[in-house]
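Biologist: I would like to learn how to read a ligand site and a pair of packed helices. Can we work through one structure together?

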Amino acid sequence: MSRPKPNILVTGTPGVGKTTFCEALAAASSLEHLEVSKMVREKRLYREWDDELDCSIFDEEMVQDALEPLLESGGCVVDFHSSSFLDESLVDLVVVLRVDTSTLYDRLEKRHYPESKVKQNVEAEIFQSCLDEVFEEADIQIWEMPHDTEEHMEEALERVLGFVRSFG
Ligand code: ADP
Ligand code: MN
Ligand code: MN
């Protein structure tokens, strides 16, 4: 399948800096940032609620239906912690952002997440849940990149912008 511009999936545990990175990437390129968690909230792409974590449980089909038409023509940066339900033929590069446990703990505390939610996300990062969830497709590169510092973000941006420039 050929697209004039690539679609890039940016994934990772909540708090690794997906949205920060995607905003910078969109600003430095002609790609469009799709903040999926915001779409889930605004378009109500859920049918269930997690009482323990007090958050919605997104509906895979509803998210697919909202995303797929946008991805068809390429040029999108998909910002989401979950990826297994995505159609891999719509994705050209996967970026998995990673941080140290202490970095993530501090960032989630600052978000005033309840202790149980901080703990669950820190465990997800330790067990690299988001990385393991990424589909494996021979043609699609999966780049796992550290994102603890500004310098890390600059490095990741450079590399991904290089991919965007050489795409096609
Ligand atoms: P996510 O979208 O993955 O949940 P955010 O982009 O909201 O994460 O970032 C979480 C917090 O971490 C924010 O306060 C943000 O400013 C900070 N942050 C993100 N990336 C970096 C980085 N590379 N270096 C330092 N702080 C960062
Ligand atoms: Mn985010
Ligand atoms: Mn687009």
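Modeller: Start with residue classes. Ala, Val, Leu, Ile, Met, Phe, Trp, Tyr, Cys and Pro count as nonpolar, Asp, Glu, Lys and Arg as charged, and the others, Gly among them, as polar. Here the shell around ligand 1 divides into three nonpolar, seven polar and five charged residues. This is a predicted model: local features need pLDDT of at least 70, side-chain atom pairs count only at pLDDT 80 or more, and totals for chains, interfaces and linings use all residues. Residues are numbered from 1 along each chain as written, chains are lettered from A and ligands numbered from 1 in written order, and side-chain values use heavy atoms, without hydrogens and water.

Biologist: Which residues are the closest to ligand 1?

Modeller: A residue is near a molecule if one of its heavy atoms lies within 4 Å of it. Around ligand 1 there are 15 residues, and the closest are Gly 15, Lys 18, Thr 20, Arg 111 and Thr 149.

Biologist: What lies 2.7 Å from an oxygen atom of ligand 1?

Modeller: Think of polar contacts (pairs of N or O atoms within 3.5 Å). The answer is a polar side-chain atom of Arg 111. Lys 18 uses a backbone N or O atom, 2.8 Å from an oxygen atom of the ligand. A polar backbone atom of Asp 148 is 3.4 Å from a ligand nitrogen atom.

Biologist: Which elements give two or more residues to the shell?

Modeller: Helices are DSSP runs (H or I, at least four residues), numbered from the N terminus. The elements are helix H1 (18–27) and helix H7 (150–166). H1 gives the largest share, three residues.

Biologist: How do I describe two packed helices?

Modeller: Use the angle between their axes and the distance between the axes. Axes are lines fitted to C-alpha atoms over the stretch in contact, and angles run from 0 to 180 degrees between N-to-C directions. H1 and H7 pack at about 45°, with axes 10 Å apart.

How values were computed. Polar contact = N/O pair within 3.5 Å; in protein donor to acceptor, adjacent residues only side chain to side chain.
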